[in-house]
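Subject: A structure for you to explore

Hi there,

Here is the structure I promised to pass on to you. Please open it first and have a look around, then read my notes below.

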Amino acid sequence: MKAILAVFLHWSLLVCLAHLLLAYGLYYFLLAVGWAEVRRRRRETQAEDFAGLSASRFTIPVSVVAPVYNEEALVVSTVGSLLAQDYPELEVIVVSDGSRDRTLECLHEAFDLEPRHVFHRRVLASREVRALYRSRRDPRLLVVDKVNGGKADALNCGLNLARYRYVCCVDGDTVFDRDALLRGMRLVMRDPANVLGVTSHVAIAARPELDPGAPGEQRIDTDLLTNFQRLDYLRAFLNNRSAWSRLDFMLCTVGAFAIWRRDVLMELGGFAIDFTCEDIELTFRVHERWLREGRRCRVLSLPDTVGRTEGPDRLSRLVSQRARWQRVILETVWHYRHMFLNPRYRAVGMLGLPYYVISEVLAPFFEVLSLAMLPLAAWLGVLSLRQASLFLVFIAFANGILTSAAVMFQDASERSYRVRDLLRLILLGPAELFIYRPPLAWARIVGTWGFLRGDKGWHKFERNSRLAAAEGGAPLLVPVRSEALS
Amino acid sequence: MPGLATGLPLAAAAAFVVWTLLSAYVLTSRLLHDARSRRIRATRRRLERSGLESLPPRRRLLHASRILSEASRRVVTRIAADRNTPPGLAEALAVHALGRWGAAPLLRDAARHRGEGGRWRRIAALRLLTKAAHPRSLRLLQAALRSGDATVVDAAVGLIGSVPDRRAGEALLRAIEQRLYSPSRIATALERFPVDIGDLLMPRLRHADQVVRYWAAVLLERFPFAPGLGPRLASLGGDPDASVRKAAVDTLSRLGAPEAVPTALALLDDPVLFVRAHAARALGELRRADLAASLLPLLADREWWVRLAAKQALEAMGRPAAAALESALDHPDRFARNGAAEVLQNLGVLDDLARGVLAGARGTDEARLRRAVQAGGRPLLEMLAARANDGAERLDAVLATGLLEAS
């Protein structure tokens with residue numbers, strides 16, 4: 001029996017090793033491509049005439065749509081940061097999706113809203129609108145109170161009210177830098193005929209509404225979980241999505257910040273309400289339709305940090321969030337499986353879908369299997385204890401290299417953090433394998449099980465705990481970016 | 001697993017070494033960068049405190065050279081190339097750099113490029129040469145415009161736009177004609193062009209290419225005193241290209257030219273929707289409430305965007321447009337009735353009427369409000385009542401519209 005188990009373990013470990021080598025081979029390939037892209041975009045940013053663009057009447061106007069649900073803790077900061085954008089012409093449409101907390105009251109107090117009737121077309125189906133409000137303080141702000149229908153439904157409602165040719169879809173828990181819109185739209189304005197969508201890096205913070213500090217002096221959270229998430233986001237955006245963008249298979253414009261050409265969204269019928277999350281599915285759909293019809297389409301990801309979003313500060317909340325992400329990835333990959341290795345879909349089909357299958361669909365199983373089998377293999381003598389330990393060390397530092405590279409990309413572009421915080425982030429890289437990756441792998445298994453069961457729930461996590469300002473908590477500030485000499 | 005016996009220790013060791021080296025590089029390069037930045041900031045502070053910007057150019061250059069004599073080439077070129085450096089200071093720095101290290105390497109770098117690194121050296125060289133007003137800078141910038149490299153072209157457009165020379169303006173206009181880059185980005189540079197190029201734009205109003213005619217019409221807004229501008233733009237109201245017609249009416253209204261009104265009125269019937277919409281907005285821009293009646297038919301336009309533009313224009317005309325709007329409350333088209341009611345709401349007219357009626361006023365005010373509410377429907381009634389801090393049921397009862405019952 002032991003012998004049979006040993007043989008099984010031997011071959012299983014080999015399969016896991018093969019997957020590991022394939023996955024890390026992909027990650028390192030993307031790292032190399034991503035580095036070239038990050039360098040190029042960094043230099044473009046240094047050369048860009050942002051002051052000219054922010055004052056020009058030829059800068060394309062944008063409608064910002066922000067769906068919110070029970071965001072009383074952050075909505076004022078989020079909306080304030082949107083209205084403070086250094087951008088010549090924009091409107092902000094906040095869609096409260098049946099919020100049951102003080103979201104609307106907070107907006108009323110902060111922006112002096114008055115009820116207004118606005119006749120608009122319902123091109124995209126959405127749940128009933130109960131009331132509309134304009135701000136007396138800033139007429140660019142429109143607030144919608146509607147019956148709960150989910151984030152996609154709220155976005156579609158906002159799209160019906162949007163007046164401009166480009167729409168920037170954001171999350172209600174993200175606070176933006178003043179030049180966020182300008183950074184995203186500059187890519188659009190270089191090639192408006194072909195660039196259909198743009199996204200950019202959004203950093204993780206336990207309290208995104210707090211002023212991050214001046215460039216070079218920005219402090220990172222002391223919380224370990226937040227920092228691991230920060231590193232996760234850095235790798236995802238700077239290593240991977242920059243490479244996807246360069247290779248023309250950018251397959252995930254994040255819900256926190258995604259600029260789309262409005263006619264593209266209207267042609268596709270808006271955001272799909274029957275997927276767990278709306279962002280990744282829409283990106284797949286854009287590529288699928290445009291490539292199938294032979295139309296040129298570019299969806300780009302910038303390495304620039306345009307704002308901060310709240311990351312869960314408890315493990316249970318993180319697991320819930322990541323399980324949801326895993327579900328939507330599986331839903332989307334399954335739905336668009338006809339693109340897999342299909343040359344008609346070019347880089348999306350030949351590189352993007354295989355990447356997702358290897359690194360997102362299969363990876364959780366191999367990770368959990370490897371972590372479970374290693375001690376068993378050591379016990380049965382298939383691997384010596386020394387070999388098992390070395391294996392873990394190899395993975396830990398292989399991952400650490402990816403993390404250090406992401407930190408390097410970010411620092412070379414923005415020079416945001418203090419040197420001691422850079423050191424802390426770098427040292428956390430190898431430690432991730434033992435602290436952060438196991439619960440993530442578990443979350444992805446839970447998400448996979450949820451997908452197989454057909455679970456579509458959002459399972460929104462509660463906002464991180466905050467002291468009220470009156471009780472001595474930190475003030476709510478809208479951060480201002482200032483360019484650092486590099 | 002025999003293969004792992006030698007492979008694993010090597011792999012683990014290699015991963016550890018690479019991680020260590022990479023991490024050390026990240027920290028070291030950051031420390032070096034911080035040291036460099038401190039030197040640059042210190043030099044910059046000395047320059048700014050010395051009041052260089054206020055000195056005449058010759059004295060500025062002499063003074064800057066004294067301060068910069070010990071600064072490294074990197075510091076000088078970085079400050080010169082920085083967009084945030086005041087123009088006079090940047091010029092002095094660039095001239096100092098050329099004088100001290102020679103123009104030859106910069107001229108070589110600016111002429112052509114190969115690869116990523118070469119691209120950025122070319123842009124940096126072009127920037128320095130332009131700031132120093134080198135005699136060959138404009139020709140090199142024109143060559144960069146034709147390079148076909150979008151990043152280099154973008155930088156060249158911005159730099160040419162800062163050169164106070166008519167030939168630079170001509171170069172940018174030719175770039176639009178030859179489609180060397182996105183016309184709107186070129187227009188952004190021309191928007192702030194420091195020299196009057198109205199006479200370069202006027203002939204282009206008759207160019208064979210509609211894109212050129214369009215941008216000429218748009219950019220001439222900056223040069224309102226160009227001879228014969230008004231009539232020439234008005235004649236473009238009959239241009240075969242819809243974008244050109246749109247640009248013509250937009251610019252005429254922004255200029256407040258006498259030809260604006262007749263041109264806009266004529267284009268309210270244009271077959272292309274965005275021309276009608278811009279014609280409507282042009283009348284709104286002119287704030288001619290006496291022309292409100294001419295916009296009313298557009299409240300019933302078949303296109304949503306035209307109806308929206310008409311509403312925005314009527315709202316821009318302000319309360320004097322209210323009388324015309326009230327005449328549309330009985331329009332046979334539902335969109336026209338809705339639109340008129342909405343604009344009256346936004347002008348505050350309905351709020352005033354509602355306050356009066358709820359306080360007991362009757363007669364004409366009550367009748368006017370009833371018509372508006374019937375045109376706007378239940379949502380309008382509810383919002384009106386909410387703003388009056390009263391119940392929708394009471395307002396509905398007073399006006400006897402029956403809207404709440406019908407729903």
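**What I found**

Let's begin with helix α3 (residues 75–83) of chain A: 8 of its 9 residues are buried, so the helix is largely enclosed by the rest of the structure. Buried means under 20% relative accessible area, exposed means over 50%, and partly exposed is in between (1.4 Å probe, protein chains only). Helices (H or I, at least four residues) and strands (E, at least two) are DSSP runs, numbered from the N terminus.

Before going further, please keep in mind that this is a predicted model, in which local features need pLDDT of at least 70 and side-chain atom pairs count only at pLDDT 80 or more, while totals for chains, interfaces and linings use all residues. Residues are numbered from 1 along each chain as its sequence is written, chains are lettered from A and ligands numbered from 1 in the order in which they are written, and side-chain values use heavy atoms, leaving out hydrogens and water.

Back to α3(A). Its buried residues are A:V75, A:S77, A:T78, A:V79, A:G80, A:S81, A:L82 and A:L83. What do the buried residues of α3(A) pack against? They pack against β1 (62–68), β2, α4 (103–111), β5, β6 (166–170) and β7 of chain A, where a contact means heavy atoms within 4.5 Å.

Among the buried residues of α10(B) are B:R185 and B:E191. The cover over the buried residues of α10(B) includes α2 (50–55) and α6 (180–190) of chain A, together with α8 (150–160), α9 (166–177) and α12 (210–219) of chain B.

**Chain A as a whole**

Chain A has 14 helices and 10 strands. Of its 486 residues, 64% count as buried. A compact globule with 486 residues would have a radius of gyration near 23 Å, and chain A agrees, with 23 Å; this radius is taken over C-alpha atoms, and the globule rule is 2.2 Å times the number of residues to the power 0.38. Along the principal axes, the C-alpha atoms of chain A fill a box of roughly 75 × 50 × 45 Å.

**Strands to look for**

Strand β5 (residues 141–146) of chain A is mostly covered, with 6 of its 6 residues buried. A:L141, A:V143 and A:D145 point one way from β5(A), while A:L142, A:V144 and A:K146 point the other way, and all are buried. Two strands pair if DSSP finds at least two bridges between them. Strand β2 (residues 90–97) of chain A runs parallel to β5(A), joined by 6 bridges, and A:S96 has A:D145 as its bridge partner. Strand β4 (residues 129–135) of chain A runs antiparallel to β5(A), with 5 bridges, and here A:A131 has A:D145 as its partner. A hairpin of 5 residues joins β4(A) to β5(A).

Strand β10 (residues 298–310) of chain A is mostly covered too: 13 of its 13 residues are buried. Is the pairing of β7 (residues 174–176) of chain A with β10(A) parallel or antiparallel? It is antiparallel, over 3 bridges. Strand β8 (residues 195–205) of chain A pairs with β10(A) in the parallel sense over 10 bridges, and A:G197 stands opposite A:V299.

**Charged pairs**

A salt bridge is a side-chain nitrogen of Lys or Arg within 4 Å of a carboxyl oxygen of Asp or Glu. By this rule there are 73 salt bridges over all chains. One of them joins A:E91 and A:R163, with the closest N and O atoms 3.1 Å apart. A:E91 lies in strand β2 of chain A and A:R163 in the loop between α5 (151–161) and β6 of chain A, so the pair ties together parts that are 72 residues apart in sequence. A:E91 is buried, with a relative accessible area of 7%, whereas A:R163 is partly exposed at 32%.

In chain B, the side chains of B:D352 and B:R319 meet in a salt bridge (2.6 Å, N to O). B:D352 is partly exposed at 35% relative accessibility, and B:R319 is partly exposed at 41%.

Enjoy exploring!
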